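Open the viewer and keep the selection tool at hand. This tour goes stop by stop, and each stop says what to select and what is there.

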Amino acid sequence: MAIKEVEINEHPRTQVAKLGLIGMGNMGSHMACRLLAAGYQLTVYDRTKEKAQALEQSGALAAATPRKLAAGSDVVLVMVFDDEAQEQVMFGLDGMDEDFSVMIKFMQELVGVPGQRQSEP
């Protein structure tokens, strides 16, 4: 019996989560490209609209606001620069509602941004 080699992209997905990604900076834009290449449905948002619109050419949808992104997503990932940006996309005008399924937030202190929380000795 021969074993068939199958690439990951050929594996049928019965249910694919609709992902939302906020923050198209250096890290967020690269994550978006990887998620699109893996076949995920992805909606993106960035305060600089042109950054989000640039990913439409790769198959992403660009949301007009964080609230619209969250409303159409099963999972929302937030990859923003600082606490002020985090506050704006969460609680600012047209910020995300609390009625989305899951939110994964990558905090700046986890990647060692200077000036953020320091490790305890």
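The expected span of a helix is 1.5 Å times one less than its number of residues.

**Whole chain**

Show the whole protein chain as a cartoon. Four helices and five strands make up its secondary structure. Trace them from the N terminus: the order is β-α-β-α-β-α-β-α-β. Of the 121 residues, 32% are buried. Now turn to contacts. Among those with a separation of 6 or more, 53% join residues 24 or more positions apart.

**Colour by confidence**

Colour the chain by pLDDT. The mean is 76, and 67% of the residues reach 70 or more. Select residues 1–11. Here the pLDDT is below 50, and beyond near neighbours in sequence the stretch has two contacts in the model. Next, select residues 105–121. Their pLDDT also stays under 50, while the model gives them 16 contacts beyond four places in sequence. Where pLDDT is low, the predicted coordinates should not be read in detail.

Which elements have the lowest and the highest mean pLDDT? Strand 5, residues 102–105, has the lowest, at 50. Strand 3, residues 61–62, has the highest, at 96.

**Helix 1**

Select residues 26–37, which form helix 1. This helix has twelve residues. From first C-alpha to last it reaches 17 Å, close to the 16 Å expected at 1.5 Å a residue.

Show the side chains. Gly 28, Ala 32, Leu 35 and Leu 36 are the buried residues of helix 1. They cover an arc of only 95° around the axis, so they sit on the same side of helix 1. What covers these buried residues? The cover includes strand 1 and strand 2 (41–45).

Step just past the end of helix 1 to Gly 39. Gly 39 takes a positive phi of about 95°.

**Gly 23**

Go back to the loop between strand 1 (18–22) and helix 1, and select Gly 23 there. Is Gly 23 buried or exposed? Its relative accessible area is 5%, and buried means under 20%, so Gly 23 is buried.

Show what surrounds Gly 23. Leaving aside neighbours within four places in sequence, its contacts are Gly 28, Ser 29, Tyr 45, Asp 46, Met 79 and Val 80. Gly 28 is also one of the buried residues of helix 1. Gly 23 and Arg 47 are 24 residues apart in sequence, yet 7.6 Å apart in space from C-alpha to C-alpha.

**Helix 4**

Select residues 83–91, which form helix 4. Ala 85, Gln 86, Val 89 and Met 90 are buried in this helix. Look down the axis: the buried residues fall within an arc of 125°, so they line one face of helix 4. Turn to the other side of helix 4, where Glu 84 and Phe 91 are exposed.

**Asp 94**

Asp 94 is not a glycine, although its phi is positive, at about 60°. With 35% relative accessibility, Asp 94 counts as partly exposed.

Notes. Residues are numbered from 1 along each chain as its sequence is written. This is a predicted model: local features need pLDDT of at least 70, side-chain atom pairs count only at pLDDT 80 or more; totals for chains, interfaces and linings use all residues. Side-chain values use heavy atoms; hydrogens and water are left out. pLDDT is the predictor's confidence in each residue, from 0 to 100. Helices (H or I, at least four residues) and strands (E, at least two) are DSSP runs, numbered from the N terminus. Contact means heavy atoms within 4.5 Å. Buried means under 20% relative accessible area, exposed over 50%, partly exposed in between (1.4 Å probe, protein chains only). The arc is that of the directions from the helix axis to the C-beta atoms.
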